[in-house]
Structures are given as structure tokens and as C-alpha cells.
Amino acid sequence: MKARAFSYFRAATIDQALDAHARAGDDARFIAGGQSLVPALSLRLQAPRLLIDITHIEELRGVRREGGYLRIGALTRHCEMLSEPLIAEFAPLLHAAAPFVAHPAIRNRGTFGGSVALADPASEFPAMTLALDAEIEIAGPSGSRRVKADDFFVELFETALQPGELITAIYVPLFKADQRFAFDELARRRGDYALVGCGMLATCTGERIDDIRISFFSVGNTPTRVKGAEATLIGSRLDAERIAAAQAALEGDLAPPDSDDVPPAMRLHLARVLLGRLLGRLGEGA
Amino acid sequence: MSAPLTSLDRPNSYIGRSVPRPNAKRLLVGRGRYVSDLRLPRMLDAAFLRSPHAHAKIVAINTEQARALEGVHLVATGEDLAKICTPWTGTLDHFKGMTSAPQLPLPLDRVVWAGQAVVAVVAESRAIAEDALELIEIDYEDLPVVVDIDRAREAGGPLINPGSVNNTCFRAQLDNGAVDDAFAHAAHVVEEEFSFGRHTAVTLEPRAIVSDYDPAADALTVHHATQTPYQFQDLYSRHYGIPEARVRVIATDIGGSFGMKLHVYHEDMAVVGLSILLGRPVKYVADRIESFVSDIHARDHRVRARMALDAKGEILAMDVLDLTAIGAFSTYPRTSVVEGNQVIRLMGAPYRFKNYRATLEVIFQNKVQTSQYRAVGHPIACAVTERLVDMAAAKVGLDPFAIRAQNVIADDAYPQTSPTGYRFEALSHQACLKRLHEMMGYEALRAEQADLRERGIYRGIGIAAFVEITNPSPAFYGVGGARISSQDGAILSLTPSGEIRCLISVTEQGQGTEAIISQIVADQLGLAQEHVKVITGDTEVTPHGGATWACRGAGIGGETALQATRVLKRNILEIAALILQEQPSALDIIDGEVVDAVTRNQRMPISEIARIAYFRSDTLPPGTQAQLTVSHHFAPQGYPFAFTNGIQGCSLEVDVETGFIKVLKHFIVEDCGRVINPMLVDEQLRGGIVQGLGAALFEECRYSETGQLMNGSLADYLVPMPMEMPDIVIGHVETPTADTVLGAKGVGEAGTAAASACVLNAVNDALTPFGATINSIPITPTKVLKALKRF
């Protein structure tokens, strides 16, 4: 398959990119790593008139501390999640999730901002922004704004991003000494989209969980926080009974879609197994 | 079993040595020349509009806008191509009663599977051709879709081919011995229904073709990524009415084939027609999605089978029903019934029982065609037989090794005829079984398994014995009327510099054909391998032959090369004897030097003989005509097939909470007769095993009820990757065939033949404590969790 013909514009600044988008009557797409967009173009699932290359916009790059947050530029590539010391120290959940994102060739090009903007419900990083209580910085024709991850993912491939808007950075609250995290996924093959995946971040006092955010992916139309399961854990010690209660709560939290090879009941079962294993690790990882 | 030593076994022989392939570096550094790399002057690109319906009437096709698009040179429908191409029918005479509807490059009035090519566009570029596809309108009228095999077999149900009485393509029955009697008196009977998913080849390089028709010479040159250039030369000639001598098929570098690239594909046939209509070169390369919906699929069998045993575990009889659905047509020219035919004939092959009955039903349905793919029929026959043997072992109370040791045909009992009628020259089941037992460290593995079970870790151990069909004679296709050769030809020349050029009809798809042919030639002539150049895959220069399929390259192509080299060597020594005033029998060639046959003293280099023969023939005795080019053909005689055998073992772990399976280690002991290049043989075994593990655990073409392929991409159709693959331990037993001097048999399919059976047995072994069983491949987490009733 070959893409339909399109025009190409390389933007040097955010303003240039936004302006080009507006001038194309919004029949345009921003391209960064292109790891999802290029196949979609080749398959002619998308055929915009204009591709706006944002990979040379300096403002979208870099990882740095800003107040209580780590600011991760939208162009930060998946492989940098593995190599960047600031991420390993202050957003270790992203560091832990990164090896599960596809394969090295894809990680070398794919970007954090692109992954969050696409909001593939089977992707690791969008779900982790939920677990991390991250904020997504968006630039648009009417200026810049920050949206909480909780409010960002709306429906299947639908987010708070409006046409012509661009993710500029993701703000992740700095990892603290009293926090623990866990991540894993159940994928048929290494690097595949998972049948079920999960990441979690807990704030603890000794053995007691003061707060926990648990986010699943590959379980529905959007990355999904499981608030019922979270509620069973908050204020408690992580023992077998609490873990079982959290697993049971998933039935209310998740409504997995029907697929031709993984029935909803099986996905729910796998989610329970994965949650049990991760909470077990969280308990051990004191 | 070991054969007596021959000249092939001498210490410095190239036969039996792991030399690297001469073409490996070229391919590795990106200097390969694949069909898709080819850019001919004035070349155009083709693209196809495909049917979204699995079964529908074509009411109207509107191509007006597409024709008007700038850069479009031709829009062709079924009607346009039917005017220049005669139809083909995928039947063979020796499959009595077989039917299949005639096929054309593009359909005239009806589509019979989702993804079938309907209209072709030829344009300045593939992108423009695809733009034009979007402008074509086709009105379809839905017809009843028949996907499910049971529905297809229903009396009075919808018919795939109008005018036929039912959806049956072929039916066959075998009945040898006294099967009913054996079951009536059996102490134990085991019975099971098995299902085998459809899968497909997934070659690294997809199908690719450049057809170049020259109207001035009425000559057709087709650059075609195929295993079988001669077969296609014949077919293009006959279906397009161009004399065979003016049709040239060139198969250059090919990125994997596995049987998939030896069938006639509608698009490929169409591309030849498009280039004839345009008088220009036309290229078509299938993209991955097109490959999934148009490459042949394979397997898709449902087998009901039972086995009778006496009280001691002696196998008495097997009774088998194989149902297989093959798509809407039988594939041309090799048909889609060979797999089923081999399934029912390979059942029980390693064992010595005599009572056997089988029924095969081959059914049409609205899916893409199935046909021959690596290890045709073997994995199904092997999985059914070996699972029944394991079930029987459990019932009788024997260890899997013990029941096999008790029932395999003894190594000293050959020749033998299988219960299904195959004639075996010499196999080595006992030796292989014994060797595998040692290699696996079987007792220790069992002890470890028991320990781990106590800790809630469930490991399984499975073994599977197999027999593989190789070196086919004309009994395979020739007797059925197909113009598919079972012989090979070689042309060998001594060059003026004293090197050897070998043109041979067997072809190279990445398995190392050229490497082993050069080893054989170098060995037999007495020359360093780097001085042998092997040329394959061009019907204009290489002699006609069977090329590469059914594990015949080493056994038949190798023997052809061996015999041709011996003729050339004799000719060289005759000239040398004249020059040296010796008897030819007193001379030999070692390392490119003519030597005294007894003392090994060097007499003169063969380059000197070449120099004299080519440039100073005046110095040779009057009347001497040096024959330094020889041509030679070899057709297999003796046994109709050279059967090989072996046994595989697998150790794996089942996560009983997630249903995930991790293969920990895989083992094979294999007997392919004379091993020419151990490294390449091991690569073939490993590659074959990986494909078998793919079938066992991952690969399946899943269809919706409306006949849509649900997972036609590499994100959804899972093939095994390095991370999922275990270490594979390989052992060899060598029982050369006495039908040839070389003694080599095939090895390309042995790995695939038994790997899935092995995994099936190992998974069932792991699930024993739960009383759960699985008899369906691929073994997905879904099936495991269902068997364990986890959801």
C-alpha cells in the first residue's frame, strides 16, 4: 500500500506548526515519530492534505524538573524513557514500562507525546499518565493549557485535544520516597500489544497504602483507571484478603470489549491475575 | 544405523563439512537482487481492487474515472484478460473423482472469497495505481457465504460453484487389513477429535513478479520470485499461447518460499496478461495485507481418529476421518488435495501395525485457497498419531518413550511397507529414540517436573516421532498429468582458468542450495569450493528440472550434480592422460591438481589442461576433441520417495493462571541420510521447528462468519519471534539411501513435521494434574484457560 499524495511542511516553532494546521483548514496531521501515522497513511486509513513535521521544534524537546513536576517534552522518544536518568529517578514507572513498548526500532522513533495524543487503548504510556496523575500540556490556536490525564482520554482514539491542537509536554509529579510502583503486562510475544497490561503508583506509610492509582490498558476503549479496586486498597495493608478484594472489584471497574479471540470474561480473568501479581510485588517492594 | 564408508567419507571431503554459503555475505550486506529491486526501462506498476465480499455476484464494474486518471495506462477486468489467457483447472488425474471450477486471472461475474482480485490497474507508479483503485465502482449482489466446514457439507446448502451437486472437491478412502476386527478385540481404544487452524507462510519477501512482454519478438520474460521457474515457463507458454522457447522465467534472489511460491496466483497470471496487453514491463509486489488474503493458506483440518491397542500396549489399528476445507478452488497446478492425501497416508507411519482405515473429505468454502506449504500434511498426521500414542501410553500405563520403543518399526526390519501403503527403504526410529532419550536427559527432566509440580509450577514434556516424504519421483505429480518434473539437469563446464561453472535446475530460496551443490561439485571434481560457481533459476540458461519443492534439492539436485561432475572429471582426466601419456585410470584430481592416483604426486594443474584444451588444441593428438562442458540429467529411480525419519522432544512450562506457554527447550534427532553440510542441515531443522512452533502456539488465519479474515496483519497474525524461541538441540543419525550414490535425502520439512505434535503432547502432559486436555492447535492462552475452566 502506498499513501495518497500529501504536502509536507517542516515547522521550526510551535506557532509555525499551529499556523500551518489552521491554514490547511485542519486537513492536516502533525507528524513526529510516525510509528502509527505512517502505517495509517500507507493503509490509506488517513489521507490528510498536509503533514506538518514537528520533529525540529526545539520547544518540544527535553526532560527537566519544573517545581514538583518532571516536564517531559512531547518529542521525547520511547528509547529516552530507558536512557534518561531524570526519568529513571523521578518517573520510574515510565522507565519500567518503556521496555514493553514495541521493539527497539519503534522505540528509537516513537515519541511520548505522539503516543499520548493517539491514545491507543492498548498502549503502555497513555495508561501510565493516568497512574502517574500526569498533566498534559496542550498548545492550540487559543493558547496553551494543561489537562489532567484523568480528563484527557475521552473515547476510542478520542481525547481532549481539539483539531489543530498539539501536545507540547507531559508533566509528571516527581516520584517520592514514600511511593512504590509496579508495572507488567501479559502479551503473547515480547513487544506485542498486551492482552492486558497494568501500571500502578502507591503512596504508603509503612505497610499502609495511603493512596494508589492503578491504570489498565488493553481492557476497553480508553486507558482505564480502576477506581473500585483502588478504593478497596486505600487505607489498608496489602494482605491476601485485600488483594482478593481488589481483584473482585475489577468486575465493576472493567467492561472488556468482545474480540474474536479473547472473550471479555477471559480478559477480566487476566486483569485479575495481573492485578494480584502486581499488588504482590508492590507489597514485596517496600 | 551407519552406512559403509565410501569416498564421500574421506577426511578432507566437502561432503559432511559445514562450509558457509557463498551467497550469504552478498545477501547480508544488502547486495541481494530481489524482484522488487528490479527497475526495467518503461516499467509500470500494477495494483488490484479486491472483493470486500466472500461470495457475491458482480453486477457492474465502472472503471471510467479510473481510466481517466493521469498516469493510468490500463484498467483491466476479468473479461479483458479472458480474451488472451486460457482458463486453468486445479485437478490431477490420479486423484480420482476430483473436481474444481475453471479459473481465470480475474473473475468474470462472481467473487468467491474476500480479498479476491477483481480489477487490475496499471499506472506510472503503484501509488497512482492505488489512487485509481479508489475511483473504481463495483456493484455486488451478496450470495450466501459458506465459511464453516459443517455448513459447506450440509445437503441442500448453498453451493460455492453453481452447477455442482455439492461442495465436495475430493473424497478418498484407504482400508487395509482388518480394522473392525482389530478394534473389536482391542484391550484399549483411544479416540479423539483434533482441529488444526489455517495458517500461512509469511515469507520475509512477499510474492513479487515483473512481467516483460516484447511484442516485436513475441517473447515473454518474467522475473518471478518462485521456487519453480520451469513450471511457470510451461504455464505462461501454454495459457498465453507463446512458444515455450520464447518464454523465459528468471527467479533471482528469493526471500523465503516454503512452498507458498510454487502455485499459480491470479494476480501473477494477470500481470503477465497486463504486460502482453501493454507491450511493457509490469511489476506487482504483494503487500503484507494482500499476502494474507491471497497467498495460499494451509492446514485447516478436523480429524476424528482412534487407535486400538492390545493389553501390553501394542498398536493394532488406526481408523481416521480427515475433513479439510480448501477455499473456493483447488490450487493450480498442484491442487489443494495433496495435503489431505498426505495426512491420511502418513498416519501411524513410524509404527508397525497393519490394520488401517481412513477417509478423506476435501470441501470447498468461501475462503482463499489452501495448498502445499512446508511439511504438507505431516504436522497433522504426526500430531494425531503421536497424541493418540500418548493417550494410549497413559491408558496402558507406559512411559511415552517405552510405548514408542515397543511399537516403532525395528531398524533392522527394513524394507517395510507402512499400513497406508508407503514403502520404506531404511529408517532408524530405534536409534533416534534412544539418542533423544539421552539428549533430553529424560529421567532428570521427569524428576524436575515432579519437584516443580509440588511448588505449583507446571512443566510438560512431549515427544513425537515422524516420517518425512522426500526425493519424490513422478509418482507425486507427473502421473497425475502435471507438467512438473521430478528429474533435474546440470550443465558443467571447466572454464579456461580451470574453474567450474555449474548451471543446475534446482533453485535457491535462502536455504543454501547453491552452497551444497558447490560442495558436491568441488568434492567430486577435486577442487576448492571457491572455484565452483553455481548458477540457478533462469530457464534460458539452466536446464529443465523440478527445481525446489518437497525436499528434493539435495537428494535429487545433489545427485544430478554428483553424476554430472563425475562425467566432467572423466573428460578432464582423458585430456590429462593424453598430455601426460598416462592411462586416465592412473590419474586423479586433488585440490585442482591432476595427481598420480596411487602416489598422489602432483602432475599438472587442471588450469593447465584447460589452457591447452581451449587455446593450444593444436598440441593435442590429432582427432582429440576435448569435451569440457557436459550436460547431465538425473531422474530418481528405485523407491518412489526417499522417506526420512526422526523424533523431536519438547520441554515447556504452562502458566496455569494466564494460559501462557513458554517453550523451554526443544530437541530433535533426525535422519536425512547423507549430511552434505551439517550447518545448513541444522539451520533447516531449526527453521522448520520454529515454523512448527508457530503453528503450535501462535499462527492462525481467523475468519468471521461472513468470511472476512480477522487478523490479516503482522500485528494480529502472530509468528514466532526470537524472544519466544527456545534453544534447539540437534542430533543426527545417518542412513543414506542406496538409490543414489550421494545417499542424501531431504531435510527441509522435518522440523515442521513434528514440532507442533511435540508441543501438543507436552502441553497435555503439563495439564495432567488438572485432568484437562487440549486437542486443537494453535494452543492459545484462550484454549488453555478454557481447558482449565479459569473463566
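The model is a predicted one, in which local features need pLDDT of at least 70 and side-chain atom pairs count only at pLDDT 80 or more, while totals for chains, interfaces and linings use all residues. Residues are numbered from 1 along each chain as its sequence is written, and chains are lettered from A, and ligands numbered from 1, in the order in which they are written.

Strand 7 of chain B runs antiparallel to strand 15 (residues 355-363) of chain B, and eight bridges join the two. B:Asn176, for instance, has B:Tyr356 in strand 15 of chain B as its bridge partner. In general, strands of a sheet pair through backbone hydrogen bonds, either parallel or antiparallel.

Elsewhere in chain B, helices pack against one another. The axes of helix 18 (residues 678-697) and helix 19 (residues 750-767) of chain B come within 7 Å and cross at roughly 40°. Helix 18 of chain B and helix 19 of chain B are therefore oblique to each other; angles under 35 degrees count as roughly parallel, over 145 as roughly antiparallel, 65 to 115 as roughly perpendicular and the rest as oblique. Their crossing is right-handed, meaning that the near helix is turned clockwise from the far one by less than a right angle. The contact of helix 18 with helix 19 of chain B has 10 nonpolar, eight polar and one charged residues, with Ala, Val, Leu, Ile, Met, Phe, Trp, Tyr, Cys and Pro counted as nonpolar, Asp, Glu, Lys and Arg as charged, and the others, Gly among them, as polar.

A second pair is formed by helix 7 (residues 229-240) and helix 8 (residues 266-278) of chain B, packed at an angle of about 55° with axes 11 Å apart. That makes helix 7 of chain B oblique to helix 8 of chain B, and this crossing is right-handed. B:Tyr236, B:His239 and B:Tyr240 of helix 7 of chain B meet B:Met269, B:Val272, B:Gly273 and B:Ile276 of helix 8 of chain B. By class, this contact has five nonpolar, two polar and no charged residues.

Turning to chain A, its domain assignment (bounds from an automatic or database assignment) gives domain 1 (7-53), domain 2 (58-173) and domain 3 (179-284). The C-alpha centres of domain 1 and domain 2 of chain A lie 19 Å apart. Their contact takes 12 residues from domain 1 of chain A and 17 residues from domain 2 of chain A, two residues being in contact if their C-beta atoms, placed from the backbone, lie within 7 Å.

Methods:
Axes fitted to C-alpha atoms, helices over the stretch in contact; angles between N-to-C directions. Helix = DSSP H or I, 4+ residues; strand = E, 2+ residues; numbered from the N terminus. Pairing = 2+ DSSP bridges.
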